Number of protein chains: 2
Amino acid sequence: MSTLRSRKIVLAARPVGEPRTSDFKLIEEELAEPGEGRALLRTLYLSLDPYMRGRMSAGPSYAPPVEVGDVMVGGTVSEVLRSSVAGLSPGDLVEGRTGWQTYGITDGSDLRKVDPALGPVSTALGVLGMPGMTAYTGLLNLGQPKPGETVVVAAASGAVGSVVGQLAKIKGCRAVGVAGGQRKCDYVVRELGFDACLDRRSPELAARLKEACPDGIDVYFENVGGAVFDAVLPLLNPFARVPVCGLIAHYNDTAPPPGPDRLPGLMRQVLSKRLALRGFIVSDFAEQHPEFLREVSRWIGEGRIKYREDVVEGLEKAPEAFIGLLKGENFGKLLVRVAS
Amino acid sequence: MSTLRSRKIVLAARPVGEPRTSDFKLIEEELAEPGEGRALLRTLYLSLDPYMRGRMSAGPSYAPPVEVGDVMVGGTVSEVLRSSVAGLSPGDLVEGRTGWQTYGITDGSDLRKVDPALGPVSTALGVLGMPGMTAYTGLLNLGQPKPGETVVVAAASGAVGSVVGQLAKIKGCRAVGVAGGQRKCDYVVRELGFDACLDRRSPELAARLKEACPDGIDVYFENVGGAVFDAVLPLLNPFARVPVCGLIAHYNDTAPPPGPDRLPGLMRQVLSKRLALRGFIVSDFAEQHPEFLREVSRWIGEGRIKYREDVVEGLEKAPEAFIGLLKGENFGKLLVRVAS
């Protein structure tokens with residue numbers, strides 16, 4: 001059997017602040033034989049997600065960092081080419097974490113089969129994948145939205161935010177989004193059915209948000225931080241819930257911002273309004289995966305959950321696309337088509 | 001029947017920063033007849049508690065502020081002198097919220113009878129009252145301590161902190177306290193049975209706390225804020241719970257402290273460690289009062305929960321004692337004996 005050459009993108013340097021394309025390096029290597037008990041996968045789609053910025057930095061987090069010289073981590077949808085893993089056959093479609101490369105070798109332990117009947121296979125990385133499940137588990141378990149309440153989410157046209165708002169509507173809530181630019185806001189209201197969506201770049205964001213939330217905010221699904229959080233905080237109602245799943249506005253921070261120190265003020269808000277702030281990552285709720293897949297795929301089928309993908313062609317485009325993601329340049333779930 | 005003269009302490013001015021005795025005024029008034037459907041109470045004990053500082057300021061909180069000229073709010077234990085309230089008879093002992101005054105008139109709706117068989121009536125304002133119940137409900141509902149975990153609480157010799165730590169021991173946890181000065185720390189370890197107690201004034205508080213919590217911190221019961229929170233934050237374990245019931249270190253703040261701004265850093269900790277920060281006040285768990293009273297009075301009887309009172313004689317001493325409370329000058333639950 002002929003040897004395959006694999007292309008992979010490795011971390012070339014730890015970024016300081018905003019990543020640059022020179023922090024990544026595309027290399028090409030001859031692929032080793034997978035060996036007994038392993039499978040060879042061909043990457044079809046690579047998912048690009050904000051959490052990857054955290055993995056590029058050293059320092060404590062909920063997952064170890066990528067080492068310089070190692071392949072960038074990432075979720076993928078792949079086709080099985082060869083396999084000596086029980087239950088895995090050539091032609092199977094799988095979702096896994098083989099990273100920024102054209103081929104992956106796996107023992108199968110971190111894979112899950114993708115059912116193409118549920119939708120295009122790319123959705124296994126978006127609305128029916130990690131971002132969709134982040135929205136589903138965080139909103140329902142920690143946000144606990146009740147009919148008539150107001151739910152606010154930023155990055156509302158993105159992979160997580162779009163599902164948060166549509167789930168809020170399904171649960172009978174008022175859904176208010178924040179997104180970057182009028183085009184995205186129009187999409188969020190007209191296509192996704194949010195009650196309102198505000199441009200995060202507006203200098204009057206705080207005033208606009210107040211108008212859009214006449215009864216205050218009961219759930220703020222935190223995936224950005226920064227100016228949106230600042231606008232949200234004074235509007236939170238007593239007993240508001242704040243699931244915290246991301247802080248993209250701060251991922252490139254190199255030092256704490258200048259003062260005054262607002263930490264004590266935040267704690268006073270937590271106390272006087274009895275707020276519940278809780279961080280989570282999707283794997284904390286891994287046991288809810290079957291239920292998530294069943295419910296969300298049904299809602300997609302019923303047209304109650306819509307999604308949008310922003311697909312970049314070719315692995316070599318991943319660094320640039322990822323840098324754009326951190327600036328909000330994508331419109332919808334950002335994916336790299338690595339092979340078709 | 002002869003008219004009674006009542007002495008009361010009113011808010012004379014809203015304090016800026018630390019309250020001064022001139023922010024209070026003692027006045028004497030002729031007491032009106034209670035009237036039909038009301039009862040006349042004679043105050044035996046007045047409770048002094050940190051939350052009162054919040055009531056002296058205007059601005060949004062979970063309760064409306066005391067207006068200038070109004071009697072200071074506060075929990076009391078009183079004896080019923082006259083009553084036309086159903087179920088309330090002269091000689092009954094009641095806990096209520098009649099404030100800083102020698103007599104109170106009430107329609108009975110905010111009263112609860114005190115059973116002197118459970119302990120000295122003063123405990124209805126301390127270990128068997130609001131502070132004890134704050135510790136009980138906050139620690140058990142929000143802190144959810146599990147055997148083998150580490151629970152940290154500040155103001156550990158105080159009315160709330162002392163119960164938090166002793167409950168933590170009952171639940172099989174390691175209990176670590178922080179208190180002001182060696183004398184209080186010795187009491188917390190030797191009398192209350194905490195595993196360790198650190199002097200909050202030590203310049204090496206952070207290092208000492210780290211030594212005292214070799215397995216990190218799973219529950220931090222937040223009742224002070226400030227330097228203790230700063231020392232605790234880096235030691236919090238993944239999935240740590242932080243019930244927030246008070247921030248006495250900040251009650252006299254007149255402006256946010258200087259920078260850098262640590263709010264984004266706190267949110268990153270919430271995310272990366274999946275922390276749960278949740279504010280509460282004791283009335284959020286009002287339905288648990290019978291269970292609290294039953295369990296804690298039993299533990300007192302068994303010697304598993306001890307308490308200490310710091311009793312000041314005479315209503316006129318309340319302002320000075322309250323100002324001292326905010327500086328941590330009391331040693332144990334601070335009470336004013338208004339009449340015996």
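Two residues are in contact if their C-beta atoms, placed from the backbone, lie within 7 Å. By that criterion the contact between the chains takes 33 residues from chain A and 34 residues from chain B. Helix H7 (263-272) and strand E13 (276-279) of chain A each supply at least two residues of the side of chain A that touches chain B. H7(A) gives the most, with 9 residues. By class, this side of chain A has 18 nonpolar, 7 polar and 8 charged residues; Ala, Val, Leu, Ile, Met, Phe, Trp, Tyr, Cys and Pro count as nonpolar, Asp, Glu, Lys and Arg as charged, and the others, Gly among them, as polar.

The model is predicted: local features need pLDDT of at least 70, side-chain atom pairs count only at pLDDT 80 or more, and totals for chains, interfaces and linings use all residues. Residues are numbered from 1 along each chain as its sequence is written, with chains lettered from A and ligands numbered from 1 in the order in which they are written.

Chain A has 9 helices and 15 strands; helices (H or I, at least four residues) and strands (E, at least two) are DSSP runs, numbered from the N terminus. The radius of gyration of chain A, 20 Å, is close to the 20 Å of the globule rule for 340 residues, so chain A is as compact as a globular protein of that length. That radius is taken over C-alpha atoms, and the rule is 2.2 Å times the number of residues to the power 0.38.

An open sheet of 12 strands with mixed pairing has the order E10(A)-E9(A)-E8(A)-E11(A)-E12(A)-E13(A)-E13(B)-E12(B)-E11(B)-E8(B)-E9(B)-E10(B). Strand E10 (196-199) of chain A and strand E10 (196-199) of chain B stand at the edges, each with a single partner strand, so one side of each is left without a neighbour in the sheet. Strands pair if DSSP finds at least two bridges between them. Two pairings are listed here.

| Strands | Bridges | Direction | Opposite residues |
|---|---|---|---|
| E13(A) and E13(B) | 3 bridges | antiparallel | A:Leu277 and B:Leu277 |
| E9(B) and E10(B) | 4 bridges | parallel | B:Val178 and B:Leu198 |

Helices of chain B lie on this sheet. Helix H4 (residues 182-190) of chain B touches E9 and E10 of chain B, and its direction makes about 170° with that of E10(B). Helix H2 (residues 130-143) of chain B lies across strands E8 (150-153), E11 (217-221), E12 (236-244) and E13 of chain B, running at about 145° to E12(B). Axes are lines fitted to C-alpha atoms, for helices over the stretch in contact, and angles run from 0 to 180 degrees between N-to-C directions.
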